[in-house]
Amino acid sequence: MIGEGIQSTNQRKHSYIQDHVEVGFFTDPTVCIGCKACEVACKEWNEVPDDGFSWSGNSYDNTGHLGASTWRHVMFVEQDRQKGNQIVGSISNGEDPFRWIFLSDVCKHCEEAGCLEACPTGSIVRTEVGSVFVQDDVCNGCGYCVVSCPFGVIDRRPSPLPDHGAAFKCTFCYDRQKSGLVPACAKVCPTESIVFGRLDDLRARAKERVQHLQESGYRDAQLYDPEETSVRGIHAFFLLLGEPEAYGLPPKPQIPTIYLKSAWTAAFATAIASIAATLIAFAFFA
Amino acid sequence: MSNEQRLDQLRDEAWKKGIVAGSGVDVAGGPIPKKAGYYGQPVVKPPVWTWEIPIYFFVGSTGGMAAVIALAAALFHHVDLARVSILFSTIAAIISPILLIMDLGRPHLFLNMLRVFKPQSAMSMGAWILVLFIVCAIPAFIALEIHARGIFAGPLDSVIRIVTGALLTGSALLGVLLATYTGVLLGATVTPAWFTHRVLLPIHFGTAGLGSSAALLELLGHRVAALNAIGFFAAGTETILALSLLINKHGAADRALHRGVSGVVVQTTEILAGPLSLLLRGFGLIPFAAVSFATGALLSRFGWLLAGKISGRDPEAVFASQQS
């Protein structure tokens, strides 16, 4: 947490994997400075290939969105709104109604993960620390996880990038965690906008932070952790200023397995009706 | 003019023209964009599947339903029709896995599909249904040929007859699942145009398979009253589905099915397989009805995939599907 320096959970060695403790990320845009060190650290540690350099024209965001080769993505949200009680400059009526928010987006490591349920090869698994992990050597690139993630995180890496054809996303730095290290993005974050730690601990801290911000005038501060939907909460949750839509986050994310019952019912009904219709056709019209 | 007013003016200009030009204007990130969500970026990922998948949907469902026709034809002593039908199933059983493997990002790892058995994954269920269908349909074809050509006589032939019956029954049961599971596959996703129609999709894909199967058999010259009846049933069902698609709209959530290129394809193919094919069949123009239905059934799969891609890229569709 902010101001803890080397005492912070971001800097301590840990044994969460050995102890089977659920871990998470808490990402707080109110202290993010948009330096993109998390994006860079993630790419470097995980050897994620570059996927082109182009100017988007969307503020300072030239990354666009999470994908097979982007596992951390810093958003630059520009809004026609004040940021808390800030008064910047003096233009016409003394207030600058503009706010600029930076938020580092990442795989949410859902409690009920769409990608994990959809994966037909068993390539996607749940780890000891509750994160969702893609086993790169098992994935055959069927692409079903891509349309099963309610947050649009996982994607199939296109040719000719290295290891193309398989699905990729944030690994929660599982390899680093096995050695007691903190995920690269959290380790490198200079303002502790990204906090890594025990899930229960982080949830409590996040709620405290939201309350503190609300009391300080950030009235639209809220925690983005959809516990009420079929996703049943996420392990990488975010503090948001304003509504989730502005960050490209779904307001009510649902895991697509909830649609299976009605779809299979229709499928079985069609199957029975087709057999019946065919038998009747041959019995009475032949 | 105050700075604020000028800024608003720039925003309006950017929104209308997509670009701002003028003295003292520094465009990069300047005016606040008013696109939906985060700079209009997709909220969910669009499907990565390419042309192999809609063709597989057509081939698999047609071949799957052909096994049902084969079973019924064999039961009611249309042996020649049964032989051609189960040949359809066999061809589908050979082509389908090739198409699916071609679409994989890593085709050499296709056997990993059979590493696990996951009822909660329609893709896993589909892989198993297809494998079991192949295991049933190809031997059913061989057994029926042996029986029909009278290669063995006496008690051995009776054994072959029983085996053929069992294999045809198995093929038919797996065939109907092969034809309909693909609707579940699309329905149980986060793609708004698909999951909002998760009940329609399996009915549509299954019926389209049954009708295409009958249509192709008719085009090969099998003019049996039973196939005509199946043709009426399929075209009638498709007509009802076309109407329900028009009535049961979901606003921005499924607009890809009603507007743009994908909307045109979905709506046109619904007419081809539904009302037009029904009308032609009503006038006794069976070959035209058959061509109309099969064309509609094939192109409809492309329409639905295209709609999924457009819908998945559309942040407003995702937001709209999550309201209420």
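This is a short tour of a predicted model, stop by stop, for you to follow in your viewer.

Before you start selecting: residues count from 1 along each chain as its sequence is written, while chains are lettered from A and ligands numbered from 1 in the order in which they are written. Because the model is predicted, local features need pLDDT of at least 70 and side-chain atom pairs count only at pLDDT 80 or more, but totals for chains, interfaces and linings use all residues.

**Stop 1: chain A as a whole**

Show chain A as a cartoon. Of the 286 residues in chain A, 49% are buried. Here, buried means 20 or more other C-beta atoms within 10 Å of a residue's own, exposed means 12 or fewer, and partly exposed is in between, with C-beta atoms placed from the backbone.

Now colour by domain: chain A is assigned domain 1 (5-254) and domain 2 (255-286), with bounds from an automatic or database domain assignment. Their centres, taken over C-alpha atoms, are 42 Å apart. Eight residues of domain 1 of chain A are in contact with four of domain 2 of chain A (contact: C-beta atoms, placed from the backbone, within 7 Å).

**Stop 2: the largest nonpolar core**

Select Cys115(A), Cys145(A) and Ala70(B). In the largest nonpolar core, which has 187 residues, these three touch the most other members. Such a core is a set of buried Ala, Val, Leu, Ile, Met, Phe, Trp, Tyr and Cys residues joined through C-beta atoms within 7 Å. Helix α2 (residues 52-75) of chain B gives the largest share of this core, 15 residues. Both domain 1 (5-254) and domain 2 (255-286) of chain A contribute residues too, so the core lies between them.

Zoom in on Cys115(A). Beyond its neighbours within four places in sequence, its contacts are Ile124(A), Val132(A), Cys145(A), Ser148(A), Cys149(A) and Ile154(A).

**Stop 3: a helix pair in chain B**

**Stop 4: where the chains meet**

Bring both chains back. The contact takes 71 residues from chain B and 64 from chain A. On the side of chain B that touches chain A, α5(B) gives the most, with eight residues.

**Stop 5**

Go to Pro160(A), in the loop between β6 (155-156) and β7 (167-168) of chain A.

Next comes Glu47(A), in the loop between α2 (37-46) and β2 (72-79) of chain A. Though not a glycine, Glu47(A) has a positive phi of about 50°. Glu47(A) is exposed, with 8 other C-beta atoms within 10 Å.

Finish at Phe172(A), in the loop between β7 and α4 (174-178) of chain A. Phe172(A) is not a glycine either, and has a positive phi of about 60°. Phe172(A) counts as buried, with 26 C-beta neighbours inside 10 Å.

Terms used. Helices (H or I, at least four residues) and strands (E, at least two) are DSSP runs, numbered from the N terminus. Two residues are in contact if their C-beta atoms, placed from the backbone, lie within 7 Å.
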